[in-house]
Every structure is written in structure tokens, then in C-alpha cells.
Amino acid sequence: QVQLVESGGGLVQAGGSLRLSCAASGLTLRMYNMAWFRQAPGKEREFVAVMSSGGFTTYYADSVKGRLTISRDNAKNTVYLQMDSLQSEDTAVYYCAARRFYGLGSSPDVATQYNYWGQGTQVTVSS
């Protein structure tokens with residue numbers, strides 16, 4: 001049974017940093033695309049970042065390029081999202097998602113392409 005558990009969210013001032021973690025069980029990261037999405041109040045869930053199953057390719061939403069970085073630790077079966085230079089617009093619930101796919105595949109930024117989701121972790125950026 002696949003389970004994704006996010007942690008690391010919290011309240012931070014604008015310009016600050018946070019690191020989110022997604023601990024995965026029931027799957028092997030090398031066989032899955034791992035992604036982060038977020039959902040702000042009153043808005044649809046939006047793509048943030050994804051890492052290919054091999055770990056060699058990453059892809060980011062334009063709004064976060066240069067500020068957020070996705071990474072993973074295969075030994076810990078954990079995916080991370082390092083968030084720097086945070087802005088109030090980054091306030092949202094952040095979700096970890098997984099889909100079994102070799103390489104990166106098509107439409108890695110589409111939420112409906114993912115089979116497994118975590119429960120989310122709240123990030124609030126105060127201005």
C-alpha cells in the first residue's frame with residue numbers, strides 16, 4: 001500500500017525559507033515520478049515541481065523557478081522541496097504526488113496524471 005506523508009510546513013516571513021519533506025512507503029522512488037502541487041484558498045490545485053523516476057530530470061512551474069528546488073534521498077525514500085525567497089503568493093497547502101512512470105513522461109504537470117497523494121502540509125508566508 002502506497003503512502004505519502006508530508007511534513008515541514010509552517011509559518012514563515014516573506015523572504016524566508018522552508019524545507020518540505022515527503023516520506024514515501026510502499027513504492028520505490030526510482031520507479032516513480034515524484035511531484036509537488038499546491039492549492040491556495042479558493043484556487044485550483046497547481047503544479048509546482050516534478051522529478052523523473054531516474055532522478056536526472058526536473059521540471060518547475062515558471063512561478064517558482066530559481067526559488068524552489070525538488071530533490072530526493074533514495075536511501076530514505078524521501079522527496080524534498082527546498083523553498084527559498086518565499087513570497088506571500090506561495091501560501092498554500094502543499095501536496096506530494098506520485099505516479100509510476102519510467103523517465104519523466106508526458107503531462108507531468110497535470111494533477112490527474114498522479115495516482116497517489118499525501119494529505120498535504122500548510123505553508124503560510126507573512127508579508
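Is Asn33 buried or exposed, and why?

## Asn33

Asn33 has 0% relative accessibility, so it counts as buried. Buried means under 20% relative accessible area, exposed over 50%, partly exposed in between (1.4 Å probe, protein chains only). This is a predicted model: local features need pLDDT of at least 70, side-chain atom pairs count only at pLDDT 80 or more, and totals for chains, interfaces and linings use all residues. Residues are numbered from 1 along each chain as its sequence is written, and side-chain values use heavy atoms, leaving out hydrogens and water.

Asn33 lies in strand 4, residues 32-39. Strands are DSSP runs (E, at least two residues), numbered from the N terminus. The Asn33 side chain reaches the backbone oxygen of Gly103 at 2.6 Å.

## Aromatic pairs

The whole structure holds 7 aromatic pairs. Phe37 and Tyr114 form one that is edge-to-face, at 5.4 Å centre to centre and 75° between the planes. Rings of Phe, Tyr and Trp (its six-membered ring) pair if their centres lie within 6.5 Å; planes under 30 degrees apart count as stacked, over 60 as edge-to-face, the rest as tilted. Phe37 sits in strand 4, Tyr114 in the loop between strand 9 (92-100) and strand 10 (116-117), 77 residues apart. Both Phe37 and Tyr114 are buried.

Tyr95 and Trp117 have ring centres 6.4 Å apart and planes at 75°, so this pair is edge-to-face. Tyr95 is in strand 9 and Trp117 in strand 10, 22 residues apart. Tyr95 is buried at 14% relative accessible area; Trp117 is partly exposed at 27%.

Notes: Helices (H or I, at least four residues) and strands (E, at least two) are DSSP runs, numbered from the N terminus. A polar contact is a pair of N or O atoms within 3.5 Å; within protein, one must be able to donate a hydrogen and the other to accept it, and residues adjacent in sequence count only if both atoms are side-chain atoms.
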